[in-house]
Amino acid sequence: MGAAKPAVKTLVIRNGTLIDGSGKPASRNDAIVIEGNKIKHVGALPPDVALKDHGTVQVIDAAGQWIMPGLIDAHCHMSYGYPLIKGEGKGKGTTRPELSTLKAARSAQKVLRAGVTGISVPGGTWFTDVGVRDAIRLGLMPGPRMFVAGRMIVTYGCIEDDEPSWEGTPDHSIGKLCNSADEMVTEVRRQGKHGVNFIKMADSRSGESQMIAKEEIAAVVGEAHRRNLRVAIHSRGAGSTRAAAEAGVDWIVHADLATERDLEAVARAGMPILPTATFLATVIELGKKVGPEQVQLDVGRMQRHFDLLCGLMHKARDFGIRLLVGTDTGNNAFTPHGELHAKELEIFVNYGGYSPMEAIVAATRDNALALGLEGQVGELAPGKLADLIVLDRDPLADITVLQGGRHLTWVIKDGRIVDLEPREDMLTFRHAAE
Ligand SMILES: [Zn+2]
């Protein structure tokens, strides 16, 4: 499938209900005018737009429909080796960068067709995600905006340090062992050289103990920021979250075990938290359906973390901490690309005390930070990048209509209309996948 041609026309979206991503109440839309990859105008149709000139102006009539910014998934993995495909060699995740890259390229297209116009990728194998990001950016294929990390920086015993110490972290693994600040800084430089947008660090799996010292995190932050890279950290533990906050990371992933004192430190430092409850909810639901032993994950532990994260959503509001919205799609066989990206919004609404409008603002305007595009995308206003979706159902009445792309009528990314009809080869792929 070729890349969409550059939009030579002015695109005008008329009528419908506008949810602009700012949190303002939904309002009647007259005209959104898009030129090139940016929104030029929102409001009454400007007199200089020649609607009848079909050579230069394309009109989308959204009467009876809802228009909002494209969704951003602030936590989506592309190169862990999922989906599993029958006949592919075994191994945790993937052992072949070439095949993994092609799979990631396919998955990126599914993500975009589900109305997700941007993803933040906190960790992957090799520099697969950098390559897929660039293929999309260079127009080789359609896909969402991607803001990507490389392999996660870990110490002995952290999450993603899965092999015995005499094996270390082999080339195909998601983690990269660095057992001193010097080694971490070197890895930051290496990953920066290969084009990552941010550095992902990862502490202990479930917050059992703090395995990266504050000084080590600070060394990574210092080096990364000097190179215009951001830093995110997987941190469930209390001490880890406080250390990450004091070391000045750009966002903290999970933070479930943080105490009020730790959250105070986060609030003082001013970075957002990315709770990511969707993966846990998916495991819990699957455990109920097929039995916990089938899931091969500790469902009870997942339930505890899920409950803690829902509590965190409420507490974050009290502390004035901004939350980002992400799902951990692509981290396992049961988190397929294109399906779960809006499930986190449902959890924010059902368990986190968010209104549907607040959840949408978090997943669009606020999530722009995880794309490195804060203030530039995620809102439908003049001057912003033209990423938007049109739905045939009202997401404010039922937040679940955003899931799986089932109610999309249009997806526009970077000012271009996305082809929502997958070609035959895409369907074949879907059947071949497990
Ligand atoms: Zn993840």
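I start with helix 10, where Lys343, Glu344, Leu345, Glu346, Ile347 and Phe348 are buried. Before going further, note that this is a predicted model.

Now the metal site. The zinc ion has three residues coordinating it: His75 and His77, each through NE2, and Asp328 through OD, at 2.0 to 2.2 Å. Along the chain these donors follow the spacing H-x1-H-x250-D. His75 lies in the loop between strand 8 and helix 1, while Asp328 lies in the loop between helix 9 and helix 10, so the pair ties together parts that are 253 residues apart in sequence.

Are His75 and Asp328 buried or exposed? His75 has a relative accessible area of 2%, so it is buried. Asp328 has 9% relative accessibility and therefore also counts as buried.

Stay with Asp328 for a moment. Asp328 is buried yet has no salt bridge. Which side chain of opposite charge is nearest to Asp328? That is Arg236, 5.9 Å away. A salt bridge here requires a nitrogen of Lys or Arg within 4 Å of a carboxyl oxygen, so a distance of that kind decides each case. Leaving aside neighbours within four places in sequence, Asp328 is in contact with His75, His77, Thr276, Phe279 and Thr335.

How many aromatic pairs does a search of the whole structure find? The answer is five. One of them joins Phe198 to Trp251 as a tilted pair, with 5.0 Å between the centres and 45° between the planes. Phe198 is in strand 13 and Trp251 in strand 15, so this pair ties together parts that are 53 residues apart in sequence. Both Phe198 and Trp251 are buried.

Phe279 and Phe334 form an aromatic pair too, and this one is stacked: 6.0 Å centre to centre, with 10° between the planes. This pair links distant parts of the chain, with Phe279 in helix 7 and Phe334 in the loop between helix 9 and helix 10, 55 residues apart. Phe279 and Phe334 are both buried.

Going back to Phe198 and Trp251, ring pairs link these two and Phe147 into a cluster. One more ring deserves a look: the charged end of Arg317 sits over the ring of Tyr354, 5.3 Å from its centre.

Next, salt bridges. The count comes to 22, and I will show a few. Lys24 forms one with Asp20, the closest N and O atoms being 3.3 Å apart. Lys24 counts as exposed, at 52% relative accessibility, whereas Asp20 is buried, at 10%.

Arg133 and Asp134 also meet in a salt bridge, at 2.9 Å from N to O. Here Arg133 is buried, with a relative accessible area of 7%, and Asp134 is partly exposed, with 21%.

An α-helix has 3.6 residues a turn, so residues three or four places apart point the same way. Glu187 is buried, at 3% relative accessible area, and Arg190 is partly exposed, at 33%.

There is also a network of salt bridges, and Arg189, Glu223, Arg226 and Arg227 are linked in it.

I finish with two distances between C-alpha atoms. Pro25 is in the loop between strand 2 and strand 3, and is exposed, with a relative accessible area of 66%. Pro25 and Met357 are 332 residues apart along the chain, and their C-alpha atoms are separated by 8.1 Å. Leu99, in helix 1, is partly exposed, with 29% relative accessible area. Leu99 and Met146 are 47 residues apart in sequence and 20 Å apart in space, C-alpha to C-alpha.

Note on methods
Residues are numbered from 1 along each chain as its sequence is written. This is a predicted model: local features need pLDDT of at least 70, side-chain atom pairs count only at pLDDT 80 or more; totals for chains, interfaces and linings use all residues. Side-chain values use heavy atoms; hydrogens and water are left out. Rings of Phe, Tyr and Trp (its six-membered ring) pair if their centres lie within 6.5 Å; planes under 30 degrees apart count as stacked, over 60 as edge-to-face and the rest as tilted. Helices (H or I, at least four residues) and strands (E, at least two) are DSSP runs, numbered from the N terminus. Buried means under 20% relative accessible area, exposed over 50%, partly exposed in between (1.4 Å probe, protein chains only). A charge sits over a ring if NZ of Lys or CZ of Arg is within 6 Å of the ring centre and within 35 degrees of the ring normal. Donors are N, O and S atoms within 2.8 Å of the metal (3.2 Å for Na, K and Ca); water is not among the atoms, so sites may look incomplete. Lys and Arg count as positive and Asp and Glu as negative; His and the chain ends are not counted. Contact means heavy atoms within 4.5 Å.
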